[in-house]
Amino acid sequence: MAEGRDAYNLSGDNNDDKLKDLCGRTYKEQAIWFLNSYWETWGEENAEKLWAYVHKCNDLDIEQHEQGCALDELNAHRLLEAFDETLTVRAMRETLRSSGAIKEKRVKNVPLTHYLLCRFEVNWEELVNANQGDNKEELEEAERRLDEVQKALEESKQRDAEAAQALQESISSENAAKEREAAAVAAAEEAKQKEEAAVAAAAEAKQKEEAAVAAAAEAKSQEEAAVAAAAEAKQKEEAAVAAAAEAKQKEEAAVAAAAEAKSREEARQKE
C-alpha cells in the first residue's frame, strides 16, 4: 500500500471520489480491495485469477509497471486479449457509463478496477463502501501460489525459447552445411569444366602443332623439290650451252672444211 493511503478505507466525500481514489491505487492495491470486498462470495476462488491480472498489468505498463494504476487503450485491449475476453474496451466503458461509474465524456486510460467491475458484474457503489475485513494471510497465500505458477510459466517459456533457439541454430547450421556442400559441388563442377577446357585446349594445341609440323615438312619437301628442279634446269641449261658450243664448233669446222675444199678446188683449177 502506498505511503499515506488507508488500506481499509477510500478517501472521498462521495462514492465518485472513493471510486477515483480506488482507481488511482496500484494494480495490486485495486485487486486487494476487490478480494477483500468479495472474499466470502467469489473472491477466494478467483484470487489467483486476479493476481494474474495484476501481473499482466505490471508487464503491459512499460512506464510505471508495479507502481501503475491504469493502462492506455491499446494495452487495455492487449490485457483483454491475453485472457481471451470477448469484452471490448468500448463496451466496457458503455457499461460503466450506464451504471454511473464513468461520468466523463472522454476517458483515456483503463484502471484495473474498471475491468474487474465489468468482468465480475460488481456494483461499483457497493464496492467502494465494502468492508475490507482481514484476509491478509489468504491473500498472501494466493499471491504466493500465483508467483509459483508465474515462475513455472516463465521457466517453461525460457526452455521453449532455448529450444527454439537451438532449433534455429540447428537449422542455420544445416543450411550452412548445405550451402558449403553446394559450393563444394559447384567448385568441383567448375574445376571439372576447367579441366575439360584445359584438355580440349591441349588437344587443340597438339593438333595445331602436328599441323605446323606437317606444314613445315611439306614446305621442306617443296623446297627440296624446287632445289632439285633448279639443279635440273641448270644441268639442262649447261647441256644446252654445251650443245650450242659443240654445234658452233661443228659449224665453224664445216665452214673451215668448206673454205679449205674451195681453196683446193681453186688451186687444182689453176694447175
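**A tour of the cavity and the nonpolar core**

Select Ala-76, Leu-79, Leu-80, Met-92, Val-110, Pro-111, Leu-112 and Tyr-115, which line the largest cavity. A cavity is a set of points, on a 1 Å grid over the protein atoms alone, where a 1.4 Å probe fits but cannot get out, and lining residues have an atom within 4 Å of a point. The model is predicted: local features need pLDDT of at least 70, side-chain atom pairs count only at pLDDT 80 or more, and totals for chains, interfaces and linings use all residues. Residues are numbered from 1 along each chain as its sequence is written, and side-chain values use heavy atoms, without hydrogens and water.

Next, colour helix 4 (73–82), strand 2 (109–111) and helix 6 (112–119), the elements that each give two or more residues to this lining. Helix 4 contributes the most, with 3 residues. The lining comprises 8 nonpolar residues (here Ala, Val, Leu, Ile, Met, Phe, Trp, Tyr, Cys and Pro), with no polar and no charged ones. The volume of the largest cavity is about 40 Å³.

Now turn to the largest nonpolar core, which has 40 residues. Such a core joins buried Ala, Val, Leu, Ile, Met, Phe, Trp, Tyr and Cys residues through side-chain atoms within 4.5 Å, buried meaning under 20% relative accessible area (1.4 Å probe, protein chains only). Select Phe-34, Leu-50, Leu-112, Tyr-115, Leu-116, Val-122 and Leu-127, which have the most contacts inside this core. Helix 2 gives the most to the core, with 8 residues.

Finally, centre on Leu-50. Beyond its neighbours within four places in sequence, Leu-50 is in contact (heavy atoms within 4.5 Å) with Ala-31, Phe-34, Leu-35, Trp-42, Leu-116 and Phe-120.

Definitions and conventions
On a 1 Å grid over the protein atoms alone, a cavity is a set of points where a 1.4 Å probe fits but cannot get out, and a pocket is an open set with protein on both sides within 12 Å along at least five of seven lines; lining residues have an atom within 4 Å of a point. Grid points are joined across faces, edges and corners, and a volume is the space filled by probe spheres set on the points. Helices (H or I, at least four residues) and strands (E, at least two) are DSSP runs, numbered from the N terminus. Buried means under 20% relative accessible area, exposed over 50%, partly exposed in between (1.4 Å probe, protein chains only).
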